[in-house]
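Have the structure open while you read.

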Amino acid sequence: MEWEHRDRKYADLLAYAIIEIPIMAGERCLGVLTLSRSKPDYTFTAAQTETGILFARLVALVLDNANLYESAVKEIAERERAQDSLQYSNQQQQVINSLLKISFEDNSMDEMLSIILDEIFSIEWMTISQKGGVFLFNEQTNTLDLRVHRNLAPALEIKCAKLNFGQCLCGRAALSREIQFADCLDERHEIRYEGMEEHGHYNVPILQGGKTLGVIVLYLPHGYQKTEKDIAFLHTVADAVAVLLRRKQVETLLLENEARFRQIVESANDVIYRTDMLGNFIYVNPTSLIIMGYKNESEVLGKNYLELAAPEWRHKLKRFYNRQFLTKQSNTYFEFPAINAGGEAIWFGQSVQIIKDGDAVVGFQAVARDITQLKQAQEALSLSRDQALEASRAKSQMLSRVSHELRTPLGGVLGFAELLQYNAFGALNKKQEEAVDHIIKSANYLTSMVNDLLDEAQIESGSLLLDNSYFDPAELLENVNSSMSMLADKKNIIFKTEISSDLPDELYGDVKRLQQVIINLAGNAVKFTREGEVRVAFKRAAPTFWSIEVRDTGAGIPDSERQIIFEPFRQINNSITRENRGSGLGLAITKQLVELMGGQISLESKVGKGSLFTITMPITNAPGE
Amino acid sequence: MTKPLALIVEDDPQLSQIFTLTLCELFETESITDGSLALTRLLEVVPHLVVLDINLPGASGAQILHFIRADARLNTTRVILATANIRQAEDLQDEADIVLLKPVSIGQLRDLAERLI
């Protein structure tokens, strides 16, 4: 085989023979092994060529291994990177998990913030300092308040207790709603203290909707460079914390509300309890136990409400609440006696609401008040009312009996006196006649008093019945005139009657009682009038009313006495003289009779000028007409 | 001419005497103080007038009044009821010819009796 110097690159080597052997690794050519001879005219032997090829294979093998190592190194590096990011995401996951776990724990707000801070500090891949704190926005003071911190200098703890929005890095983070990063103590560190060391910061705002809930402040070593990874992670943490905070705030609000309601329920003076749908107690407030005389709620819980009710009331109670259960009536009120632990009856006035889950009734809640005293008072009242009614009835009966029993002997007195007066026992001398006159006058007075007493008794006991019929008012007035004019004549007083032309010819009412009333008033008028006149007038007061006016020119009635003259047994002081004495029932009976007949009586009077009594009566027809 | 008969049925002796003295000029009077005796007497005589009390021993004035009104033989007999009880007076006022509330005025009784002859 002839080898020539054809290539300039080998010229310097003074090579006379060259052998180039490709270094093959599988199909790939890694390089070329070149063997050369400096001796002229000397070729490579077959054995030498063979060795060369072998060598080239060895080189190929070595080189291939070297490639493998390199790729292995690369692969290792890649793996490490992957592991790093896995660790990052694992830790991130771990932190998020921890935060999630916090939300299920029963911590106070500050305890929760403390745990959050520790979780952040536990992250290994972020070389932050173990120093920092959490600020929360305080709505009342409109400041960011330092709630928890780790390793902050005492001076800072005091100075940073409350920060304004925009103040320092923390306030800036809150205001800008963006993470504030610093790698050194720059001008944004507005709050400083003596001996403050160089440091950097991540200040992470905790955002929720449009609100800044707070700021997480983390310290960094001086010169720390921020990374995208840090920022992304801190955002995630801040979001998770925001959710936790919101949750905590709502929870706190709920707890406060619940505590408030609980306090109301537990400190209420009323019995408040709940039962399941079968009526078994599932909650009773402390007042229930006190009122019912139990020491522990376990003595009551699980029992049926009927067990505490008075046995004779259970049936009624059960029926009442069964009906509420069936009709789903939302609220009821019922009064019943319960039996306390000591066996005493306690009356309750109980409001019961049904508790519904959707459409189904699942239980009852009740507010019950101890009305024992009220009940006792009611019973006492009803008893005393019964007694009073009974007493009033007895009084009326007695009055009616007494007046009845008085009539018979009065008949004797009056009868014999009149017989004497008629000379039935022979003629009387003047003195005897006068004596008989006195007896008759006194007996008549006694008779009228007995009649008044009987009327009053009947009116008071409600046993007086009206005897209504149609009557002629003109005839009534004539009767009044004939009974009164003689009396008036005796006193030299003018007695006049008048009747309006527009008064109906017929009126409906109890004419005897009307006459009694008018004669009562007119009799009084004559009695108390020394001179002048007494007038009785019937008028049409209104289309559906007629009136009876009794006017006199007598003594008059002072204002202060106007009310009491209509009360039974009252007469104006000093008005009783021998001529005008009376039972004191006249006006009381008059008023009561007038009202019984559906009318009204009024009085106008001037002392020294006279009085005007006006009775107003409705114009009615007989029932059914 | 004989005077008409007036039966005075009244258990109170004083009142009975007063009624008798009041009516004796106009009537032949007979006074009875017991209800059942009055009923027995009414079987025998037809009085022109009966002055009747209500609360009586034996039989009540109301019973006697019913008896008189139920007996055709006595349909000319006039009855003046004299009572101290307004309620009873009101209940019986349709059956009696006249009801007088005690104490009865002598003058009134005589006037009324005179008119009933």
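Over all chains, the structure holds 24 salt bridges. Keep in mind that this is a predicted model.

| Pair | N to O distance |
|---|---|
| A:Glu251 and A:Lys248 | 3.2 Å |
| A:Arg262 and A:Glu266 | 3.4 Å |
| A:Glu335 and A:Lys375 | 3.1 Å |

Start with helix α5 of chain A, residues 228-267, where A:Glu251 and A:Lys248 sit three residues apart, or about one helical turn. There's a handy bit of background here: an α-helix has 3.6 residues a turn, so residues three or four places apart point the same way. A:Lys248 is buried at 8% relative accessible area, while A:Glu251 is partly exposed at 24%.

Further along, A:Arg262 and A:Glu266 also lie in α5 of chain A, four residues apart and again about one turn of the helix. Here A:Arg262 is partly exposed, with a relative accessible area of 42%, and A:Glu266 is partly exposed too, at 32%.

The pair A:Glu335 and A:Lys375 is a side-chain salt bridge as well. A:Glu335 belongs to strand β11 (residues 331-339) of chain A and A:Lys375 to helix α9 of chain A, so this pair ties together parts that are 40 residues apart in sequence. A:Glu335 comes out partly exposed at 25% relative accessibility, whereas A:Lys375 is buried at 15%. As for networks, salt bridges with shared partners join A:Glu258, A:Arg262 and A:Glu266 into one.

Now for the interface. How many salt bridges run between chain A and chain B? The count is zero, although three residue pairs are in polar contact, both residues being at pLDDT 80 or more. On the chain A side, the elements giving two or more residues are α9 (372-421) and α10 (430-461) of chain A. The largest share, eleven residues, comes from α9(A). By class, that side has seven nonpolar, eight polar and three charged residues.

In terms of contacts, 18 residues of chain A meet 21 residues of chain B. The two chains bury about 1700 Å² between them, with 64% of it on carbon and sulfur atoms. In chain A, the residues losing the most area to chain B are A:His404, A:Arg407 and A:Phe416, together 29% of what that side buries.

Last stop: helix α3 (residues 61-70) of chain B, where B:Gly61, B:Ala62, B:Ile64, B:Leu65 and B:Ile68 are buried. They cover an arc of only 160 degrees around the axis, which puts them on the same side of α3(B). Their cover includes β1 (5-9), α2 (35-44), β3 (49-53), β4 (78-83) and α4 (86-92) of chain B.

Definitions and conventions: Residues numbered from 1 in each chain as written. Chains lettered and ligands numbered in written order. Predicted model: local features only at pLDDT ≥ 70, side-chain atom pairs only at ≥ 80, totals over all residues. Heavy atoms only, no water. Contact = heavy atoms within 4.5 Å. Buried area = accessible area lost by both parts, 1.4 Å probe. Salt bridge = Lys/Arg side-chain N within 4 Å of Asp/Glu carboxyl O. Polar contact = N/O pair within 3.5 Å; in protein donor to acceptor, adjacent residues only side chain to side chain. Nonpolar A, V, L, I, M, F, W, Y, C, P; charged D, E, K, R; others polar. Buried < 20%, exposed > 50% of the residue type's maximum accessible area, 1.4 Å probe, protein only. Arc of directions from axis to C-beta.
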